[in-house]
Amino acid sequence: MFHPIIDNLDKFRGLDHNAIAEQLIQKGQGVSVAYYLNKFRGLDHNAIAKQLIQNGQSISVVQHLDKFSGLDAKIAEQLIQEGKRNCRAVVQHLDMFSGLDRNALAERLIQEGDGYSVAQYLDKFPGLDRNAL
């Protein structure tokens with residue numbers, strides 16, 4: 001995925017990377033921001049994820065969760081609320097989220113019919129009572 005502006009960010013000095021990311025997201029190019037997240041300097045990944053979700057571009061977060069860091073439990077919750085397709089990605093990348101009660105998440109997903117995501121990544125739920133499953 002090539003994006004001429006983002007691909008050349010490092011060639012310019014004094015740019016406001018936050019403003020550029022915000023404008024790209026507002027113009028529906030959030031997937032480029034998420035894909036090239038490492039090219040932006042000084043971005044708050046949690047704020048960017050929140051902005052993408054609020055702008056209807058949560059798929060950009062889900063597809064590139066591995067590029068984010070420092071996401072809070074609220075981001076995980078918002079992604080999960082949007083549907084099952086996001087649950088697997090959230091579970092797969094649990095290490096990207098802080099403040100997340102993994103056992104409560106596992107129980108919730110199982111109750112909501114997405115036990116497959118929990119079973120597939122059971123190693124990410126070390127405190128889970130496997131006998132209760």
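Let's start with the largest nonpolar core, which has 38 residues; Val 33, Phe 40, Ile 48, Val 61, Phe 68, Leu 79 and Phe 97 touch the most other members. A nonpolar core here is a set of buried Ala, Val, Leu, Ile, Met, Phe, Trp, Tyr and Cys residues joined through side-chain atoms within 4.5 Å. Buried means under 20% relative accessible area, exposed means over 50%, and partly exposed lies in between, with a 1.4 Å probe and protein chains only. At least two residues of this core come from each of α2 (17-26), α3 (30-35), α4 (45-54), α5, α6, α7 and α8. Those labels are DSSP runs numbered from the N terminus: helices are H or I with at least four residues, strands are E with at least two.

A quick word on the model. It is predicted, so to speak of local features we need pLDDT of at least 70, and side-chain atom pairs count only at pLDDT 80 or more, while totals for chains, interfaces and linings use all residues. Residues are numbered from 1 along each chain as its sequence is written, and side-chain values use heavy atoms, leaving out hydrogens and water.

Now, what does Leu 79 touch, leaving aside neighbours within four places in sequence? Leu 79 is in contact with Ile 53, Ser 58, Val 61, Val 62, Asn 86, Val 90 and Phe 97; contact means heavy atoms within 4.5 Å.

Two of those partners, Asn 86 and Val 90, bring us to helix α7 (residues 84-92). Its buried residues are Asn 86, Cys 87, Ala 89, Val 90 and Val 91. They pack against α5 (58-63), α6 (73-81), β2 (97-98), α8 (102-111) and α9 (115-120).

Next, α6 and α8 pack at an angle of about 5 degrees, with their axes 13 Å apart. That makes α6 roughly parallel to α8, a term for angles under 35 degrees. The axes are lines fitted to C-alpha atoms over the stretch in contact, and angles run from 0 to 180 degrees between N-to-C directions. Glu 77, Ile 80 and Gln 81 in α6 meet Leu 105, Arg 108 and Leu 109 in α8.

Finally, the rings. There is 1 aromatic pair in the structure. The rings of Tyr 35 and Tyr 36 have centres 5.0 Å apart and planes at 85 degrees, so the pair is edge-to-face; rings pair if their centres lie within 6.5 Å, and planes over 60 degrees apart count as edge-to-face. Tyr 36 is buried at 8% relative accessibility, whereas Tyr 35 is partly exposed at 30%.

Notes: Phe/Tyr/Trp six-rings, centres within 6.5 Å; stacked < 30°, edge-to-face > 60°. Parallel < 35°, antiparallel > 145°, perpendicular 65-115°, else oblique.
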